[in-house]
4 protein chains.
Amino acid sequence: MARKVNPIQDRQRRAGLEQAAYLAIFEQGYAGVTLSDIARQAGVSKGTLVYHFGSKEGLLAAVMRRFVRTIAVATRRALRQAVTPQAKLEAYVENQFYGLANTRRFYTVYLDFLAASTRDPALMQVQRAFVDETHRLDLALARLPGEAGADDRAWQLRAMVDGLSVRFLSDPDPDLERYRRLCLHGLTALLQLDERAG
Amino acid sequence: MARKVNPIQDRQRRAGLEQAAYLAIFEQGYAGVTLSDIARQAGVSKGTLVYHFGSKEGLLAAVMRRFVRTIAVATRRALRQAVTPQAKLEAYVENQFYGLANTRRFYTVYLDFLAASTRDPALMQVQRAFVDETHRLDLALARLPGEAGADDRAWQLRAMVDGLSVRFLSDPDPDLERYRRLCLHGLTALLQLDERAG
Amino acid sequence: MARKVNPIQDRQRRAGLEQAAYLAIFEQGYAGVTLSDIARQAGVSKGTLVYHFGSKEGLLAAVMRRFVRTIAVATRRALRQAVTPQAKLEAYVENQFYGLANTRRFYTVYLDFLAASTRDPALMQVQRAFVDETHRLDLALARLPGEAGADDRAWQLRAMVDGLSVRFLSDPDPDLERYRRLCLHGLTALLQLDERAG
Amino acid sequence: MARKVNPIQDRQRRAGLEQAAYLAIFEQGYAGVTLSDIARQAGVSKGTLVYHFGSKEGLLAAVMRRFVRTIAVATRRALRQAVTPQAKLEAYVENQFYGLANTRRFYTVYLDFLAASTRDPALMQVQRAFVDETHRLDLALARLPGEAGADDRAWQLRAMVDGLSVRFLSDPDPDLERYRRLCLHGLTALLQLDERAG
DNA sequence: GATGAATGAGTTTTCATTCAT
DNA sequence: AATGAATGAAAACTCATTCAT
């Protein structure tokens with residue numbers, strides 16, 4: 001007997017549980033979080049989590065799918081709202097480093113996710129889809145100064161963002177504005193070089 | 001009962017166990033590795049590990065200290081052997097992406113380490129010391145084109161390296177030579193831009 | 001809240017659910033079947049099962065009562081339809097080994113039931129009533145060759161049937177016709193011996 | 001690192017745990033027994049059971065292998081000690097119905113085992129090996145009155161034993177002597193008939 | 001110094017039962 | 001009457017740690 005559920009209600013229920021799980025993962029780590037942690041955070045019983053996601057593994061995978069989907073949507077919206085190339089670049093950076101707590105929470109979980117994906121084929125698939133999607137967005141940015149070498153530039157832009165984010169996490173007293181500046185200047189440098197070379 | 005040991009022999013013993021643990025961490029993950037995994041890899045009993053390191057936590061911390069020390073030593077040596085600025089840059093990149101299996105093993109463990117350090121104060125301390133040490137090396141590279149803005153450039157260089165490495169791990173069919181090229185060109189772009197701007 | 005039901009409709013409803021439960025028990029085992037299994041097989045919700053039978057235990061007991069009742073009815077009818085002693089014996093055997101799938105399903109569940117009854121007093125009561133009822137039928141068969149020792153013979157007849165059935169279940173490639181022959185010849189031997197002895 | 005154990009000590013340790021598990025299975029049922037039940041019966045922790053047998057499943061399989069091995073050994077010894085055909089038959093029956101508590105315990109567990117084996121391929125394999133082995137012994141008995149039809153007779157002998165044993169378990173006030181008599185007479189009848197027929 | 005048997009706290013998972021709708 | 005979301009008690013299993021040898 002297939003579960004006869006109201007699809008809308010079920011989706012909302014799951015979304016709430018996934019959000020609670022996201023916070024629990026931030027606090028306890030992807031590998032260290034327990035169903036008890038998540039259940040406590042969500043204010044439900046462990047059984048409820050298993051009921052909705054089949055297993056802990058299923059829940060964590062759902063959280064990560066939602067996580068990368070959310071990122072992609074936010075990035076796309078940021079780029080769409082800006083008009084000039086320079087404004088697009090700034091919106092892109094602002095989106096990556098948006099609020100201290102938010103940025104820390106975001107990259108902490110992302111780092112966990114990356115580490116976990118190196119051993120979990122299902123997570124690796126999610127990560128690869130995310131890489132592909134973000135690469136398409138990066139490519140649009142990289143094309144602005146000219147067509148030649150855009151693909152390489154796109155990978156370099158992303159590397160700058162990811163690399164600064166990793167550093168941000170072990171910065172004992174992070175100054176978000178500084179990371180924004182480092183990022184913006186770095187991206188600018190990467191784009192201008194290739195412009196001249198191309 | 002105080003351990004009375006020959007310090008030299010003891011150091012060698014521990015070094016061997018730490019190397020085995022490193023391989024076990026690569027295979028099972030920092031969070032997923034068990035004392036049994038490590039004992040199996042090292043060909044000793046679990047008791048031996050606890051005897052030498054006090055606890056699993058102590059062993060893992062020792063592994064990570066050795067890990068970052070090894071990296072720093074290799075980077076320093078690579079930079080010292082090269083003479084011209086351009087050669088230094090190339091040696092730096094070659095050192096970061098040295099051998100497919102090696103690079104994968106290396107960054108897989110590093111990513112695990114970074115993720116774990118966000119929640120473990122002792123590991124975070126190790127990570128911060130490592131960041132400081134590598135920053136000094138990066139700074140030497142960044143100074144080559146001129147003094148102004150060297151600190152910012154150093155962070156950007158490191159970000160490029162780290163960011164490309166992260167991407168490397170989720171690349172389904174990584175071409176090491178391409179990563180070397182992306183890295184070298186990226187670093188060159190970052191250095192030249194600031195040179196002009198400075 | 002007393003259940004107010006149409007007794008006829010209710011009996012039919014329960015009969016259908018019990019039949020579904022019987023099939024689920026065959027597939028999952030008496031001890032291994034879950035309410036979800038049964039609900040799926042019956043095409044209803046778990047709540048419906050509990051509503052009609054009070055609990056899982058009540059449902060299983062009802063299934064087993066129906067099960068032994070069905071067996072007794074079939075045996076009685078088989079014996080009634082045959083006229084001569086020889087024909088009665090053959091009808092008896094044919095009834096026990098009727099169809100490969102049917103025989104396997106039947107004895108698989110019966111074995112489960114027997115095993116469960118050794119620890120469940122309520123089931124043991126059902127099993128004892130069943131033993132008494134079948135013994136009366138066996139006694140009629142055993143009397144055919146003469147009165148003396150009929151009770152002993154009746155137990156032996158039943159033992160032959162049960163014993164061959166148990167073996168049937170672990171036969172990797174059972175030949176139903178062979179079991180019928182073994183059973184018929186075995187019963188004949190048991191009856192004739194005592195005939196001479198009596 | 002393969003477990004370096006003293007094989008003798010390890011075998012004795014396991015044997016003790018298996019015996020405790022056997023008693024726990026008798027009390028709680030094959031499907032109903034828990035690791036806690038067995039640990040309590042054995043006076044060890046649950047962890048110890050898993051340490052020695054890998055899993056609950058592994059432990060139960062070991063218990064059943066030991067169980068059927070013990071039966072086969074006892075039957076073989078009983079038959080070997082007796083000399084004349086009649087004495088062999090009596091020894092066989094005495095071995096099957098040896099002591100009230102013992103017989104009850106024995107068949108209760110055997111019935112559980114049979115029921116479980118219908119759904120567990122590993123157990124079914126154990127059961128089939130047991131059937132083959134006992135059939136060889138039964139065949140020796142069945143050959144005594146002559147070669148013709150010995151195979152059929154062997155199956156019938158075993159059926160009589162198994163069938164009476166099953167009945168024994170639901171007998172509210174079992175008289176062991178009576179079951180011995182029923183069994184001995186039944187077996188005699190089966191053997192004599194075929195002798196005449198052959 | 002080294003071992004590995006044993007432990008028990010902590011984890012995921014199962015599932016009969018409850019209950020609001 | 002019927003549903004199925006939610007629960008929580010109980011289950012199997014994991015594994016760092018202890019300790020007698």
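Buried area is the accessible area (1.4 Å probe) that two parts lose on being put together, summed over both. By this definition, chain D and chain C bury about 3700 Å² between them, with 59% of it on carbon and sulfur atoms. On the side of chain D, the residues that lose the most area to chain C are D:Arg119, D:Arg167 and D:Ser170, together 19% of what that side buries.

The structure is a predicted model, in which local features need pLDDT of at least 70 and side-chain atom pairs count only at pLDDT 80 or more, while totals for chains, interfaces and linings use all residues. Residues are numbered from 1 along each chain as its sequence is written, chains are lettered from A and ligands numbered from 1 in the order in which they are written, and side-chain values use heavy atoms, with hydrogens and water left out.

**Chains D and C**

Contact means heavy atoms within 4.5 Å. The contact between these two chains takes 45 residues from chain D and 45 residues from chain C. Ten salt bridges are found across this interface, a salt bridge being a side-chain nitrogen of Lys or Arg within 4 Å of a carboxyl oxygen of Asp or Glu. Side chains of opposite charge can pair when their charged atoms come close. One of the bridges joins D:Asp112 to C:Arg119. This pair runs from helix 6 of chain D to the loop between helix 6 (100-117) and helix 7 (121-143) of chain C. Helices (H or I, at least four residues) are DSSP runs, numbered from the N terminus.

There are also 22 residue pairs in polar contact between chain D and chain C, both residues at pLDDT 80 or more. A polar contact is a pair of N or O atoms within 3.5 Å; within protein, one must be able to donate a hydrogen and the other to accept it, and residues adjacent in sequence count only if both atoms are side-chain atoms. On the side of chain D that touches chain C, two or more residues come from each of helix 1 (7-28), helix 6 (100-117), helix 7 (121-143), helix 8 (150-169) and helix 9 (176-197) of chain D. Helix 8 of chain D gives the most, with 13 residues. By class, this side has 20 nonpolar, twelve polar and 13 charged residues. Ala, Val, Leu, Ile, Met, Phe, Trp, Tyr, Cys and Pro count as nonpolar, Asp, Glu, Lys and Arg as charged, and the others, Gly among them, as polar.

**Chains A and B**

The contact between these chains takes 46 residues from chain A and 45 residues from chain B. Chain A and chain B bury about 3700 Å² between them, 59% of it on carbon and sulfur atoms. The salt bridges between chain A and chain B number ten.

| Salt bridge | N to O distance |
|---|---|
| C:Asp152 and D:Arg178 | 3.0 Å |
| D:Asp112 and C:Arg119 | 2.8 Å |
| A:Arg119 and B:Asp112 | 2.9 Å |

Chain A can be laid on chain B with an RMSD of 0.1 Å by a turn of 180° and a shift of 0.0 Å along the axis, with copies superposed by least squares on the C-alpha atoms of residues with pLDDT of at least 70 in both. The two copies are therefore related as by a two-fold rotation axis. In chain A, the C-alpha of A:Gly163 is nearest the axis, 2.1 Å from it. The same surface serves both copies, as 98% of the contact residues of chain A recur in chain B.

Other chain pairs do not touch. No contact joins chain B and chain C, whose closest C-alpha atoms lie 33 Å apart. Chain A and chain D have no contact either, and their closest C-alpha atoms lie 21 Å apart.

**DNA strand E**

A residue is near a strand if one of its heavy atoms lies within 4 Å of it. Of the 34 residues around DNA strand E, B:Thr48, D:Arg13, D:Thr48, D:Tyr51 and D:His52 come nearest. Sugar and phosphate make up 79% of the atoms of DNA strand E that come within 4 Å of the protein. Helix 3 of chain B gives the most to the surface near DNA strand E, with five residues.
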